[in-house]
Amino acid sequence: MIKETYDLPSHWAVYLINGDATGFSLNDDGGDSEIALIDQFIKESELDGAVIDCTEESFFSKYHDVQPYGVKACDCLTFNFYK
């Protein structure tokens with residue numbers, strides 16, 4: 001298996017690791033747009049969604065792997081995925 005590493009928003013961790021989207025329910029649209037963006041990133045990156053692990057310490061970054069999708073600067077974690 002191939003391992004790929006991505007720097008992604010830290011608030012995505014619960015959804016990516018556990019599939020729990022309830023944390024996005026406070027968004028104006030109930031989190032639907034954020035969930036769709038995460039799913040789009042997973043699909044376009046050709047990941048099967050299996051997160052191996054992620055870093056424990058977050059870091060602030062403007063230039064992360066979903067910046068091209070319009071996600072602004074935020075706290076990030078480094079996620080490792082199987083591809």
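Which residue just after α2 takes a positive phi? In this predicted model, that residue is E46, with a phi of about 55°.

Within α2, the residues E34, I35, L37, I38, F41 and I42 are buried. Because these residues cover an arc of only 160° around the axis, they lie on the same side of the helix. Their packing partners are strand β1 (3–9), helix α1 (13–18) and strand β4 (74–82). On the other side of α2, by contrast, D32 and K43 are exposed.

Strand β1 also takes part in a salt bridge. A search of the whole structure finds one such interaction, formed between K83 and E4, whose closest N and O atoms are 3.3 Å apart. Since E4 belongs to strand β1 and K83 to the segment after β4, the pair ties together parts that are 79 residues apart in sequence. K83 has a relative accessible area of 36% and is therefore partly exposed, falling between the limits of 20% and 50%.

The surface also carries a nonpolar patch, formed by M1, I52 and Y82, which together have about 330 Å² of accessible area. Of these residues, I52 is located in strand β2 (residues 51–54). Its relative accessibility is 33%, so I52 counts as partly exposed.

Terms used: Residues are numbered from 1 along each chain as its sequence is written. This is a predicted model: local features need pLDDT of at least 70, side-chain atom pairs count only at pLDDT 80 or more; totals for chains, interfaces and linings use all residues. Side-chain values use heavy atoms; hydrogens and water are left out. Buried means under 20% relative accessible area, exposed over 50%, partly exposed in between (1.4 Å probe, protein chains only). Helices (H or I, at least four residues) and strands (E, at least two) are DSSP runs, numbered from the N terminus. The arc is that of the directions from the helix axis to the C-beta atoms. Contact means heavy atoms within 4.5 Å. Patches are made of residues with over 30% relative accessible area and no salt bridge: like charges are joined within 9 Å, nonpolar side chains (Val, Leu, Ile, Met, Phe, Trp, Tyr) within 5 Å. Accessible areas come from the Shrake-Rupley method with a 1.4 Å probe; for residues, only the protein chains shown count as cover. A salt bridge is a side-chain nitrogen of Lys or Arg within 4 Å of a carboxyl oxygen of Asp or Glu.
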